[in-house]
Amino acid sequence: KPTAARTKRAETRPKEAEGAMGRVLDMLGSGGGKGGGGGGGGASAAREQLRKETEEALLAFGIPAAADEAGWARLARDGSALRGQPADAVQKGARLLEKEWRRDEQSRDRETAEKAHGKLARLDVLAALRRLQQRLDDASRPPFAWPARGAGTKLPGWWDAAADAALVAGVLTYGFGRWAAMLGDTALFPAETGASKASDLAAM
């Protein structure tokens, strides 16, 4: 049976996490200086915009490894408010959001738990794609054997192993689900077929 002290600690954790996120968002908004959280409505709106952009960037690119400077730089360029902010604050904000989602996944509120589960599942997919890209880039190993597709696949007829590899690289470069940017990259998809491929994917 939980003690009263343990119960009190559990109840205060969400507030502590929210407070920590607020401090990181204040740091983001103030360029890393002290006292960046100001009390006006404009400051509050700026904090909310930073939080929104941080969440969108995480769901687009996932959480890079701590030493992946290029990955963190790409994530920080994903929003107008995030751009140019201190790298350490962006990393702290990302980690705190992940912790918040893991906490929310255990919520008794079904909608809250399901939303958090979906966000964490996206992070898992993006982490798996990073590992796969490392495998594809490893020239010392045999060529990667892409799994065969079942008869019920919904992918267009032109989709092949090269498109699989292009998709992995495209997601990690442009963000999850950003088809227009991926298909516009002629290094990934030939220019002469990009438009028709975009319409094929849009129809899926």
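Helices are DSSP runs of H or I with at least four residues, numbered from the N terminus. The model described here is predicted, so local features need pLDDT of at least 70 and side-chain atom pairs count only at pLDDT 80 or more, while totals for chains, interfaces and linings use all residues. Residues are numbered from 1 along each chain as its sequence is written, and side-chain values use heavy atoms, with hydrogens and water left out.

Start with the largest pocket, which has a volume of about 290 Å³. A pocket is an open set of points on a 1 Å grid over the protein atoms alone, where a 1.4 Å probe fits and protein lies on both sides within 12 Å along at least five of seven lines; lining residues have an atom within 4 Å of a point. The volume is the space filled by probe spheres set on the points. Helix 3, helix 5 (110-137) and helix 6 (161-174) each give at least two residues to the lining of this pocket, and helix 5 provides the largest share, six residues. The lining has 13 residues, and those nearest the pocket centre are Asp68, Arg130, Gln133, Gln134 and Leu172. By class, the lining holds four nonpolar, four polar and five charged residues (Ala, Val, Leu, Ile, Met, Phe, Trp, Tyr, Cys and Pro count as nonpolar, Asp, Glu, Lys and Arg as charged, and the others, Gly among them, as polar).

Next, the packing of helix 5 and helix 6. Their axes come within 10 Å and cross at roughly 120° (axes are lines fitted to C-alpha atoms over the stretch in contact, and angles run from 0 to 180 degrees between N-to-C directions). The two helices are therefore oblique to each other, since angles under 35 degrees count as roughly parallel, over 145 as roughly antiparallel, 65 to 115 as roughly perpendicular and the rest as oblique. From helix 5, Leu126, Leu129, Arg130, Leu132, Gln133 and Leu136 make the contact with Ala165, Val168, Ala169, Val171 and Leu172 of helix 6 (contact means heavy atoms within 4.5 Å). This contact has nine nonpolar residues, one polar and one charged.

Helix 5 also packs against helix 4, at an angle of about 135° and with the axes 7 Å apart. That angle makes helix 4 oblique to helix 5. Glu98, Trp101, Arg102, Asp104 and Glu105 of helix 4 meet residues of helix 5 that include Thr112, His117 and Leu123. Here the classes are five nonpolar, two polar and five charged.

Finally, the axes of helix 3 (residues 69-76) and helix 4 (residues 87-105) come within 10 Å and cross at roughly 80°, which means that helix 3 is roughly perpendicular to helix 4. Trp72, Leu75 and Ala76 of helix 3 touch Val90, Gln91, Ala94 and Arg95 of helix 4.
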